[in-house]
Amino acid sequence: FIFLAFLLAKQALMGTPGCGCQPLTVAVRSISFSPRQVTSDASFHSVSFSETDHPKVLITGGLGQLGVGLAKLLRMRYGKNNVILSDIRKPPNSVFHSGPFIYSDILDYKNLREIVVNNRITWLVHYSALLSAVGEANVALARSVNITGLHNILDIAAEHGLRLFVPSTIGAFGPTSPRNPTPDLCVQRPRTIYGVSKVHAELMGEYYHHRYGLDFRCLRYPGIISADSTPGGGTTDYAVQIFHDAIKTGKFECNLKPDTRLPMMYIDDCLRATLEVMEAPADTLSMRTYNINAMSFTPEELTQELQKQMPELEVSYEIDPVRQGIADSWPMNFDDSNARKDWGWKHDYDLPELVQTMLNYFREETRMARVN
Ligand code: AKB
């Protein structure tokens, strides 16, 4: 039915069938198709908010490494009640009292639709996902959350005319990709379920953009380093854990080899990039999936930078073969020139600023704990 209606609408709008991508998008948008059929009022779902209104944002997977920080940034900009954090887990008091929090299960399509409708959501930031190392330990769960969950998100977003942000990752590349540097467009044959699910997300989002006019936006994040939230089950986690252990015990056991070079970014840069790409006018985006980058370092280089301020820090190496295998297949340096050219991406934190900022945070935390 959809295909037939699409052909009729396309012919009505274009006269003769053509093969150009752009007119196809226009035709589909104007008849507001949604990929999953809505029974009664499908034609009302493409109503969009006025550009002068604040967006009403839903963040899925909100209790992971990035959700709380992004909610804080977006709430400062759009107002506390216009940003809803969601997760299937119970939030800590501080999160629950800092703004709207709601239960949402991305595997439950009706629950998602209810949230989007009841809260008049206009932007969706989809952070629910299993990361690389934990994904290899539970492939079935990773497939379900990262792929089936994404399908629900794409359909909800297309049906309701939402602007959708889905993060991708350096993990969307594999051993046959160019690794130093890795450009936006090149061979992508990742060897993890996480990477496969992220390539799938990039391609499905771009397909929905062309086919249904979905306003899909995607950034490939490097390893993200944050002080007040912890990642769970990633290959780049060592670069966060080292700070915790250095402050607590003065010792750190690293699960990657000392010379493993990976692209990394401080969380503030990552969240600002996300806000900037979401706010970028559509006509500045020549692509829908961009690499973003800040720095690249090895465990040895990070240790040396830390030892400038903590000479007593001892780092030993106990290699985890799964994580090492993953890291060896990922980019060493990321080429993000398209993001810089199209929408003005610019990072603030290089390695010295990152280390200083992280240490300041933990030192202040330790001081406060002593005072209390
Ligand atoms: C991971 O290590 O799995 C993530 C990532 C780079 O996407 N931090």
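Let's start with Arg189, which sits in the loop linking strand 6 (168-169) to helix 8 (193-212). Keep in mind that this is a predicted model. The protein has 372 residues, 43% of them counted as buried, and its fold comprises 14 helices and 13 strands. Among contacts with a separation of 6 or more, 75% join residues 24 or more positions apart.

- Arg189 comes out as partly exposed because 13 other C-beta atoms lie within 10 Å, a count between the cut-offs of 12 or fewer for exposed and 20 or more for buried.
- Leaving aside residues up to four places away in sequence, Arg189 touches Gly174 and Thr176.
- Phe173 is 16 residues from Arg189 in sequence, yet their C-alpha atoms are 6.0 Å apart.

**Around the ligand**
- The residues around the ligand include Leu131, Ser132, Thr169, Ile170, Gly171 and Tyr194.
- Gly223, Pro231, Gly234, Thr235 and Thr236 are also in that shell.
- Sorted by class, the shell has 7 polar and 4 nonpolar residues, with no charged ones.

**Arg120**
- You'll find Arg120 in the loop between helix 5 (109-118) and strand 4 (123-126).
- Arg120 isn't a glycine, but its phi is positive, near 50 degrees.
- Most residues other than glycine have a negative phi.
- Arg120 counts as exposed because it has 11 C-beta neighbours inside 10 Å.

Conventions: Residues numbered from 1 in each chain as written. Predicted model: local features only at pLDDT ≥ 70, side-chain atom pairs only at ≥ 80, totals over all residues. Helix = DSSP H or I, 4+ residues; strand = E, 2+ residues; numbered from the N terminus. Contact = placed C-beta atoms within 7 Å. Near = placed C-beta within 6 Å. Nonpolar A, V, L, I, M, F, W, Y, C, P; charged D, E, K, R; others polar.
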